[in-house]
Amino acid sequence: MNLLDVIPRPALIALGVLVALRLWRRLAPVSYWYLIGFPVKAVRLRWTWRHIASGCGLTKKRHRWWFTTVPGLVASTGVVKVKRRFQRVAVDTKPWMKLPRPLRHGWRVTFHLLDGQVPDDYAKVCERLAHAWRVEAVRVVGSRPGRVTLQASVRDPLTNVQPATPCDDPPSGWTAADLLRPVVGVLESGASWSLDFRLIPHWMNVGATQSGKSNLINALIVALARQPVALVGFDLKGGVELSPYAPRLSALVTNRTDAVKLLAELIGIMGLRMLACREHGARDIWQLPDALRPIPVVILVDELAELFLTADKAEKDEVTKTATALLRIAQLGRAFGIHLLLSGQRIGSDLGPGVTALRAQIGGRICHRVNDPETAVMTLGDLDPDALVAARSIPPGMPGVAIVTGADGRWCRARSGYVSTAAAEQAACAFADRTPSWDQIKASGLGHELDSTDQPQIAA
Ligand SMILES: Nc1ncnc2c1ncn2[C@@H]1O[C@H](COP(=O)(O)OP(=O)(O)OP(=O)(O)O)[C@@H](O)[C@H]1O
Ligand SMILES: [Mg+2]
């Protein structure tokens, strides 16, 4: 007997549909998600929202007219008569959920805050919501008066991140708006992770050894290589990290004496730019006309601790000078186009008295995997405690993953695209002709720019 004759036809059809859906999901996960996965999820979200909101403590008691039962009198027979009528009773009210919107890796949904609620109340229950909705993570991604927007990620987009590649030249040439916004990886929302120096002028890049700090510098070099900006390297690990990229660096120092000299020169350049801005009535270099704008400079420091640790008294003077110069750049550099990326395993007061003041001036925080809670606190400050927990739970098997603070003070997970030393070196050599010489940097913006054919000079 044929087996197909035994199985009822509807069961066969259902089986066929199931197999087809599974195949579709496996072979074309994106279209499956948009057409099947997300609509089913959205219906479930709306259907279960009251219970989940109540379980997460997001409901409020409100008095409502409700058609409900009221105990009546006990009849002489002993039977309780129950009546139903409209009356005002206290009921749990859930926050109003707008229609969820699908994203490639999840969805976004906006809620109307109930009286007395603030977006922070939702940030505190993100983990509970993630479990209730069976997703990887839920984050608060936006808020405006009376509204909060959450984003849920079904899959962790950080498990597979494409390497950073040199961006293309804009078709109409580089304009001020395009500069210093290098894309270095991916955020957990699936969006590009751009290290926006224009929004947050200075960044701190912290993490335990092998956590991905140098990889982030590589990604940054690759992403900035094409841009008409100057890159300056401080590599007191004897130059082993940054010297391969020397062709694209306008200056590279590998010992503290040279570092002190170069920082003094940068302070001098900042002073000249200050005068130029004052002359043109501009508050910063971005208000200057394009032709007069000085070349922006990004200072990359690998292993900041090496700049601060002293072996003897003689070095103390140099360390003090270094700390003062870095602090001045951190305080004034934004307006004059001088930006810092400070990398280190730990950037705390144990390095010296100047470091706490320096750290306070650095708005951008990137915290890779850390080994102790103090380093996470030092890097991320007194952000949401969940951010500190997230920083400590980055697994060693996912180097490059970091907690990043945004301009709005919120945090999110991100991962830099893997860029090997060879790939970064290749990009540095390919765009070596775009490296401004030190003299060009000094002269730019002061009305006596040097010819671009001048050979680049690498200081020290
Ligand atoms: N985003 C990433 N994706 C995949 N692998 C990465 C990523 N970032 C780093 N790695 C891997 O982790 C290793 C260590 O990274 P990296 O050298 O950047 O760490 P580090 O924090 O600079 O360490 P150290 O403090 O010892 O200099 C790299 O060799 C690379 O193989
Ligand atoms: Mg390193």
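Student: Which residues form the aromatic cluster here?

Tutor: In this predicted model, one aromatic cluster is formed by Trp33, Phe38, Trp49, Trp107, Phe111, Tyr122 and Trp133. A search of the whole structure finds seven aromatic pairs.

Student: How should I read a pair such as Trp49 and Trp133, and why is that pair called tilted?

Tutor: A pair of aromatic rings is described by two things, the distance of the centres and the angle of the planes. For Trp49 and Trp133 the centres are 6.2 Å apart and the planes stand at 45°, so the pair counts as tilted. Trp49 belongs to helix α3, while Trp133 is in the loop between α5 (126-132) and β5, so the pair ties together parts that are 84 residues apart in sequence.

Student: Are Trp49 and Trp133 buried or exposed?

Tutor: Both Trp49 and Trp133 are buried.

Student: Now the sheet: in what order do its strands run?

Tutor: The order is β3-β4-β6-β5, in an open sheet of four strands with antiparallel pairing. At the edges are β3 (101-103) and β5 (137-144), each of which pairs on one side only. On average, neighbouring strands are turned by 25° against each other, direction ignored. Helix α3 (residues 29-55) packs on this sheet and touches β3 and β4, with its direction at about 30° to that of β4.

Student: How many bridges join β4 and β6?

Tutor: Seven bridges, linking residues 106-112 of β4 with residues 147-153 of β6 in the antiparallel sense.

Notes:
Residues are numbered from 1 along each chain as its sequence is written. Chains are lettered from A and ligands numbered from 1 in the order in which they are written. This is a predicted model: local features need pLDDT of at least 70, side-chain atom pairs count only at pLDDT 80 or more; totals for chains, interfaces and linings use all residues. Side-chain values use heavy atoms; hydrogens and water are left out. Two strands pair if DSSP finds at least two bridges between them. Helices (H or I, at least four residues) and strands (E, at least two) are DSSP runs, numbered from the N terminus. Axes are lines fitted to C-alpha atoms, for helices over the stretch in contact, and angles run from 0 to 180 degrees between N-to-C directions. Contact means heavy atoms within 4.5 Å. Rings of Phe, Tyr and Trp (its six-membered ring) pair if their centres lie within 6.5 Å; planes under 30 degrees apart count as stacked, over 60 as edge-to-face and the rest as tilted. Buried means under 20% relative accessible area, exposed over 50%, partly exposed in between (1.4 Å probe, protein chains only).
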